[in-house]
Amino acid sequence: MTPPEGLQAPGLNQRQVLSQHWARWRKWNKYQPLDHVRRYFGEKVALYFAWLGFYTGWLLPAAAVGTLVFLVGCSMLFSDTPTLFMALWAVLFLEYWKRKSATLAYRWGCSDYEDIEERPRPQFAASAPTMALNPITGEDEPYFPERSRLHRVLAGSVVVVMMVAVVVMFLVSIILYRAIMAILVSKSDNTVLTAWASRIASLTGSVVNLIFILILSKIYVALAHVLTRWEMHRTQTKFEDAFTLKVFIFQFVNFYSSPIYIAFFKGRFVGYPGNYHTLFGIRNEECAAGGCLIELAQELLVIMVGKQIINNVQEILIPKLKGWWQKVRLRSRKRQAGAAMAAGRAPWEADYELLPCEGLFDEYLEMVLQFGFVTIFVAACPLAPLFALLNNWVEIRLDARKFVSESRRPVAERAQDIGIWFHILAGLKHLAVISNAFLLAFSSDVLPRAYYQWSRARDLRGFVNFTLARAPPAFAAAHNRTCRYQAFRDDDGQYSRTYWNLLAIRLAFVIVFEHVVFSIGRVLDLLVPDIPESVEIKVKREYYLAKQALAENEALFGAGGAKDNQPLAQEMRLGPQA
């Protein structure tokens, strides 16, 4: 439902209306005045805040379900509830956002902006080597050969792959750091440190990983901007889509590599007593006694919540410090130039002292990465939607204050949707289904418990012993003691029949889970039209009136007018573009 936009504020201009009724903390529970935002900032900024508000509202049921599951406990009955719910939640969220986006694009008259109205970028026009005829507008425009652009895109892709390899190298270094730290702490004379050696190594490793993530992000964003300019994209939308895709691929690996390692690889290649596997001479990491899901939840909280706190502190403090420094610098220049400081300055002089607007890319990136954390790893951290909801309530007002009060008014830009970000969200949605299916099947004890109840004891008596294997006799004799470790292996270290039975069950679970969720998502996609019926009727009505106007024009000007308008008539018969 679209909220009413009739804010009555006599004596206030558009910026003051937004400051009074939108960019204030006490307005956190009010609808955003999107039409006012659009009139003042343009469609691109308004669509961002529309999406952010829509996403935040949809986090409410996700946060409620995740909190309920966390409070009830991780019993088998509730262990896969947040996973299945979030998979369907992501499908419905994107389907209903398409409807919301189509409604706003029609209301703001920008449904066909990218296909018909968008003009070449000034930077492209200045650098393009030739001119060519635009088949849509019929005008000569700057042109860059597609083959040359393709070669540049491929070269840029090589650079992206190299940067991803750098991230993987840092991930390996973090793995080695955790292993070495666990060994050093376990040798301490302090019994408390020794008992918590694995946790201390994991926590400090997460903090170090977050620092690496933030440093590499700054470097790569600057590099991606240079590469995208070199690729010579014609329009601003295509330029931003190419830049966004490059940065997101890097940031995806940067932020998600460590959680993916913990979720799917840590503890899988340890070996067994007497035959442990090593990496660069250091024994591979094992999961703690409680399993890797607890460590994964810890990693998510450190990266996701830590990143949100750092970003919010930066958005509060850095603009104030930059604004103060810019005012001091500008006033010192005036004094040096001998200009008199008038008591009352014109509003545009005060606005010039504000910070330049840095655009929406960082805002979108922060929210989309958060969406990935919320959906991809919800099986390990059901409280992730709650933390995301609390952060977004703050984020909306922080961004509103930044655009209205702390930065210069950006040049208004048109847009018909949120661009490639929607396709990235759709990709994360599919990845979330696959990720959570493997998490439930391979990283949790849901299926081993179900298998034990079905094959051994329904009350789970003896389940812990069932999950423990005995060390090979040679190892026990050499160390003069017996040893139990968590694995499904025989006494000689080979995988047991139970392991292979469970592997088949796990793979079958993944296949069934994915097919069920994707099938339900496909049904929901068919049941929820991309364009609301009311908007579709209005579009058809406008198309009908346009044809009527064309027919009247042909009748008014006769055969000559009809002949001149024949190409337009043929185009109209092809049907509406909406």
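**Figure 1. The stretch from residue 12 to residue 34.** Over residues 12–34 the chain is 39% helix and 0% strand, with 17 Å between the end C-alpha atoms. In UniProt, an unreviewed entry lists residues 12–34 as "domain: Anoctamin dimerisation". Please keep in mind, here and in every view that follows, that this is a predicted model.

**Figure 2. The whole chain at a glance.** Of its 578 residues, 44% are buried. Now look at contacts with a separation of 6 or more: residues 24 or more positions apart account for 74% of them.

**Figure 3. The largest nonpolar core.** This core has 94 residues. Those with the most contacts inside it are Phe-41, Trp-51, Tyr-55, Phe-248, Leu-296 and Trp-421. Helix α3, which runs over residues 43–72, gives the most to this core, with 13 residues. Apart from it lies another core, of 8 residues, including Ala-87, Ala-437, Leu-447 and Val-510.

**Figure 4. Trp-51 and the residues it touches.** Which residues does Trp-51 touch, if we skip those up to four places away in sequence? The list is Phe-93, Trp-97, Tyr-364, Met-367, Ile-418 and Leu-425. Trp-51 is also one of the residues with the most contacts inside the largest nonpolar core.

Figure 5. Side chains of opposite charge can pair when their charged atoms come close. The structure holds 16 salt bridges, and in this view the side chains of Lys-44 and Glu-240 meet in one, at 3.0 Å from N to O. Lys-44 lies in helix α3 and Glu-240 in helix α11 (residues 236–264), so the pair ties together parts that are 196 residues apart in sequence. Glu-240, with a relative accessible area of 26%, is partly exposed.

**Figure 6. Lys-98 meets Asp-530.** Here the side chains of Lys-98 and Asp-530 form a salt bridge of 3.2 Å, N to O. The two come from distant parts of the chain, 432 residues apart. Lys-98 sits in helix α5 (residues 81–107), while Asp-530 is in the loop between α20 (497–527) and α21 (533–564). Lys-98 is partly exposed, with a relative accessible area of 21%, and Asp-530 is partly exposed too, at 36% relative accessibility.

**Figure 7. Arg-234 meets Glu-141.** A salt bridge of 2.7 Å, N to O, joins the side chains of Arg-234 and Glu-141. Arg-234 belongs to the loop between α10 (197–230) and α11, and Glu-141 to strand β2 (residues 140–143), so parts that are 93 residues apart in sequence are tied together by this pair. Glu-141 is buried, with a relative accessible area of 4%, whereas Arg-234 is partly exposed at 22% relative accessibility.

**Figure 8. Glu-43 and its network.** Salt bridges that share partners join Arg-38, Glu-43 and Arg-414 into one network. Glu-43 is found in helix α3 and is buried, at 7% relative accessibility. Leaving out residues up to four places away in sequence, Glu-43 touches Arg-38, Trp-108, Cys-110, Glu-413, Arg-414 and Ala-415.

Figure 9. How many disulfides does the structure hold? The number is 0. As a reminder, a disulfide is a covalent bond between the sulfur atoms of two cysteines.

**Figure 10. Helix α10 and the residue just after it.** At 1.5 Å a residue, the 34 residues of α10 should span 50 Å, and the 49 Å between its end C-alpha atoms agrees. Just after α10, Met-232 takes a positive phi of about 60°.

**Figure 11. Arg-268 in its loop.** Arg-268 lies in the loop between α11 and β3 (271–272), and is partly exposed, with a relative accessible area of 35%. Apart from neighbours within four places in sequence, Arg-268 is in contact with Ala-263, Phe-442 and Ser-443. Between the C-alpha atoms of Arg-268 and Glu-285, which are 17 residues apart along the chain, the separation is 8.9 Å.

Terms used
Residues numbered from 1 in each chain as written. Predicted model: local features only at pLDDT ≥ 70, side-chain atom pairs only at ≥ 80, totals over all residues. Heavy atoms only, no water. Core = buried A, V, L, I, M, F, W, Y, C linked by side-chain atoms within 4.5 Å. Buried < 20%, exposed > 50% of the residue type's maximum accessible area, 1.4 Å probe, protein only. Helix = DSSP H or I, 4+ residues; strand = E, 2+ residues; numbered from the N terminus. Contact = heavy atoms within 4.5 Å. Salt bridge = Lys/Arg side-chain N within 4 Å of Asp/Glu carboxyl O. Disulfide = S-S within 2.5 Å. UniProt positions renumbered as here; feature names shortened; annotations may be inferred. Expected span 1.5 Å × (residues − 1).
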